[in-house]
Amino acid sequence: MERTRALDRVTEILDAVTSGPTPVPVRELWVYGDVALGLDPVERLDVYVTKDLLFGGDADREEEFRKSHGVKGVGKSVSAEWAEEYPEHLRANANGHAAPEKCLAAHLLEEDEPVHLEVCNASFEDNVTQRLKGAVARDAYEQILDPRGVCLYADGRRSEDALEKLRGGELVFPTLSESLEMLGLDEDEAEEAAAAVQDYRLSQSGATVRGDVV
């Protein structure tokens, strides 16, 4: 998508996270990759969300939603208040249990747009390191999380300054391979890993989501 549209979508996603009920509490929101680099057009818009566990939910409403929507765990895994307001976005995993990452994707994204959503319980910076270690250990470089990110929301505070810098193309990052070298890979491995990440991203289509636990 054109960069202007990509940044408009970033703002809309940020608004949705900060202004209304969400399936689970959101602690951080980052964008990374193409949009952070100032590219135009943006091949895929990459968004990272750090979610918190749902505390003080309405567990006693689980049976109500199981009967009405065939989904377990509402009030425990995802907010009953949110599910009541946005029942069309309620999503379950293969076991019929409410899936926070799928619910967030349905709430924040449109199905046919080139946007990828990463949802994890860990902060972006911590997960970059963990994903790199796991990808190298498994020789699965495509699972690396691009470390070139911009934090737009954290702990209840929204960064309009960071958003303006994105719009102005003021942020400067090294190449992906150089970034991976800074994180400990040697030059050849970093170049191979960067190519695998790019190939994987280009193989994706439409809106996608990945849930992760660290």
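**Reading the model**

A: Leucine 166 is found in helix 7, which covers residues 160-168. Keep in mind throughout that the model is predicted.

Q: Is leucine 166 buried or exposed?
A: The cut-off for buried is a relative accessible area under 20%. Leucine 166 has a relative accessibility of 1%, so it counts as buried.

Q: Which residues does leucine 166 touch, apart from those up to four places away in sequence?
A: Contact means heavy atoms within 4.5 Å. Leucine 166 touches Arg3, Leu7, Val31, Val35, Ala36, Val150, Leu152 and Leu171. Valine 35 is 131 residues away along the chain, yet its C-alpha atom is separated from that of leucine 166 by 7.7 Å.

Q: Arg3 and Leu7 are on that list. Which residues of helix 1 are buried?
A: Arg3 and Leu7 are among them, together with Ala6, Arg9, Val10, Thr11, Ile13, Leu14 and Val17. Helix 1 runs over residues 3-19 and has 17 residues. From its first C-alpha to its last, helix 1 reaches 24 Å, close to the expected 24 Å.

Q: Which residues are in contact with aspartate 34, leaving aside neighbours within four places in sequence?
A: Arg3 is one of them; the others are Leu39, Val42, Glu43, Arg44 and Arg201. Aspartate 34 lies in helix 2, residues 34-37. With a relative accessible area of 8%, aspartate 34 is buried.

Q: Where is histidine 116, and what does it touch beyond four places in sequence?
A: Histidine 116 sits in strand 3, residues 115-120. Its relative accessible area is 7%, so it is buried. Histidine 116 touches Tyr32, Arg44, Leu45, Asp46 and Val47, and also Gln204, Thr208, Val209 and Arg210.

Q: How should I read backbone geometry?
A: Then look for departures from it. The peptide bond from aspartate 40 to proline 41 is cis, with omega near 5°. Proline 41 belongs to the loop between helix 2 and strand 2 (45-51).

Q: What is the phi of aspartate 139, and where is this residue?
A: Aspartate 139 is not a glycine, but its phi is positive, at about 55°. The residue is in the loop between helix 6 (124-138) and strand 4 (149-154). Aspartate 139 has a relative accessible area of 57% and is exposed.

Q: What is the phi of aspartate 155, and where is this residue?
A: Aspartate 155 has a positive phi near 50°. Its place is the loop between strand 4 and strand 5 (157-158). Aspartate 155 is exposed, at 63% relative accessible area.

Q: How many helices and strands are in the chain?
A: The chain has nine helices and six strands. Its radius of gyration is 18 Å, close to the 17 Å given by the globule rule for 214 residues, so the chain is as compact as a globular protein of that length. Along the principal axes, the C-alpha atoms fill a box of roughly 55 × 40 × 30 Å.

Q: What share of the residues is buried?
A: Buried residues account for 47% of the 214. Of the contacts between residues at least 6 apart in sequence, 64% join residues at least 24 apart.

Q: What can be said of the surface and the charges?
A: The accessible surface is about 10,400 Å², and 45% of it belongs to carbon and sulfur atoms. The chain has 23 positive and 45 negative charges, with mean positions 6 Å apart.

Note on methods:
Residues numbered from 1 in each chain as written. Predicted model: local features only at pLDDT ≥ 70, side-chain atom pairs only at ≥ 80, totals over all residues. Heavy atoms only, no water. Helix = DSSP H or I, 4+ residues; strand = E, 2+ residues; numbered from the N terminus. Expected span 1.5 Å × (residues − 1). Buried < 20%, exposed > 50% of the residue type's maximum accessible area, 1.4 Å probe, protein only. Rg over C-alpha atoms; globule rule 2.2 N^0.38 Å. Areas by Shrake-Rupley, 256 points an atom, 1.4 Å probe, with all protein chains shown as cover. Lys, Arg positive; Asp, Glu negative; His and termini not counted. Charge placed at Lys NZ, Arg CZ, Asp CG, Glu CD.
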